[in-house]
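Please keep the structure in view while reading.

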Amino acid sequence: MKGKICLLAVIALCCALLCGCRQEPRAEEPALVMGFSQLGSESSFRIGNTRDIEAQAQAYGVSLMMDDAKQKQENQIDAIRRFIAYRVDVIAFSPIVEEGWDNVLLEAKQAGIPVILVDRTIQTEISDLYVSQIGADFYQEGVLAAQYLLRKADALGKDRLRIVEITGTESSTPMRQRHEGFWDTLAGDPRMELLESVNGDFLRSRGAECMRYLLERYGDQIDVVFSHNDEMTMGALPEIEQAGYRPGQDMILISIDGGQEAIDILKAGRINCIVECTPMLGGLLMETALDIKAGKPVEGIIHPVERVFCDEDDLSALPPRGY
Ligand code: GYE
C-alpha cells in the first residue's frame with residue numbers, strides 16, 4: 001500500500017512539474033534585431049526620418065534599438081559599440097560627419113555585423129566597412145537648386161545676382177555635396193556672384209544668426225539666399241523681414257528638405273524654391289536589412305526619388321508632407 005502511495009505521489013509531482021514548466025506560446029520572433037544610431041533631432045527632416053524608421057521597423061517586424069546621439073559623433077560611436085556588444089543582426093546609422101568612423105566600423109566588421117548608412121555617408125580608405133548607403137543624392141540637390149536659379153535669372157532678365165549661402169553642418173555629406181553641386185552648376189555664368197558662405201549647422205537658431213550677420217554686412221547687395229535646409233531658412237526669414245526686405249520678392253530664397261512648414265511658406269510666396277530631401281527612408285532601410293540577413297545581394301547606393309517645388313508650380317494639389 002505504502003508503495004502505491006509513493007508511486008502516486010511521484011506521478012502527481014511529475015504532473016505538477018510538467019504543468020509548471022509548460023512552454024508559454026513564444027512571442028513572435030522579430031524578423032531581425034537592428035541597432036540604429038540617429039544623429040539628433042535638429043530639424044523636421046530628422047524628426048520625420050526617426051519617426052519613419054520606427055514606423056517601418058514595426059511594419060516589417062524588426063526589433064529596433066534607436067539611439068539619439070544629440071549631435072555628437074562620440075555618442076554615435078558609443079552607440080555602435082553597444083550594438084556590437086548586444087550582437088544585433090544589423091547596425092544602421094546616419095553619420096553626423098564624414099570622417100572618424102574607421103575604428104568602430106572595423107570593430108563591427110570583425111564582429112561580423114553588417115552596417116547600413118542612412119541619409120548621410122562617410123569618407124574612408126577601407127573598403128567594405130558598410131554594405132549599403134541609403135540616402136539622397138545631395139550633389140544633385142545642389143544642381144537642382146542652381147538650375148532653378150538660372151531659370152529665375154533668365155525669367156527676371158537679371159544680368160547680376162549676388163548670392164549668400166547658409167551651409168549645413170561642416171564636413172557633413174549634405175553640406176559638402178549641396179555646396180559643390182550648386183556652385184559647379186553656376187560656374188562660368190558671369191551673372192552669378194558669391195558674396196559669402198557661412199555655416200548654420202542645419203539649425204534654425206544658427207540660420208537666424210547667419211542671416212543677421214549677412215544682412216548687417218551686405219544688406220541691399222543680397223539678391224539670393226541659398227540655404228542648405230528649411231530649418232535655417234525659417235530662421236533667416238524673420239531677420240530678412242525685420243531688415244525691411246520681402247523674402248521671395250526683394251530676395252530670391254532657395255531651400256532644401258520640403259517639410260510641411262516650409263512648403264506652406266513657399267505657397268505663401270516667401271520662399272521661391274525648395275528642393276525635396278525626403279526623410280522617408282525607413283522602408284528602404286528595412287527591406288535592405290532583411291535582404292542582407294537573407295543573404296540576398298543589395299545595392300551599394302540607394303537614392304530615393306525626389307522633386308523640386310518652386311514658384312513656377314501649382315502646388316494646390318500637393319498632399320500633406322508628413323514631416
Ligand atoms: O537636409 C537637414 C538635416 O542629412 C539630409 O540633415 C540631411 C540633412 C537635412 O539636419 O534638415
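Around the ligand stand 13 residues, a residue being counted when one of its heavy atoms lies within 4 Å of the molecule, and of these E42, D119, R120, N229 and D257 come nearest. The model is a predicted one, in which local features need pLDDT of at least 70 and side-chain atom pairs count only at pLDDT 80 or more, while totals for chains, interfaces and linings use all residues. Residues are numbered from 1 along each chain as its sequence is written, and side-chain values use heavy atoms, with hydrogens and water left out.

By kind, the shell divides into 5 nonpolar, 2 polar and 6 charged residues, where Asp, Glu, Lys and Arg count as charged.

| Residue | Distance to a ligand oxygen atom |
|---|---|
| R46 | 3.0 Å |
| D119 | 2.7 Å |
| D257 | 2.5 Å |

Taken alone the ligand exposes 300 Å², and the protein buries 100% of that area, as computed by the Shrake-Rupley method with a 1.4 Å probe.

Helix 2 (44–60) and helix 6 (173–186) each supply at least two residues of the shell, helices being DSSP runs (H or I) of at least four residues. Domain 1 (32–136 + 279–305) and domain 2 (138–277) each contribute at least three shell residues, with bounds taken from an automatic or database domain assignment.

Note on methods. Polar contact = N/O pair within 3.5 Å; in protein donor to acceptor, adjacent residues only side chain to side chain.
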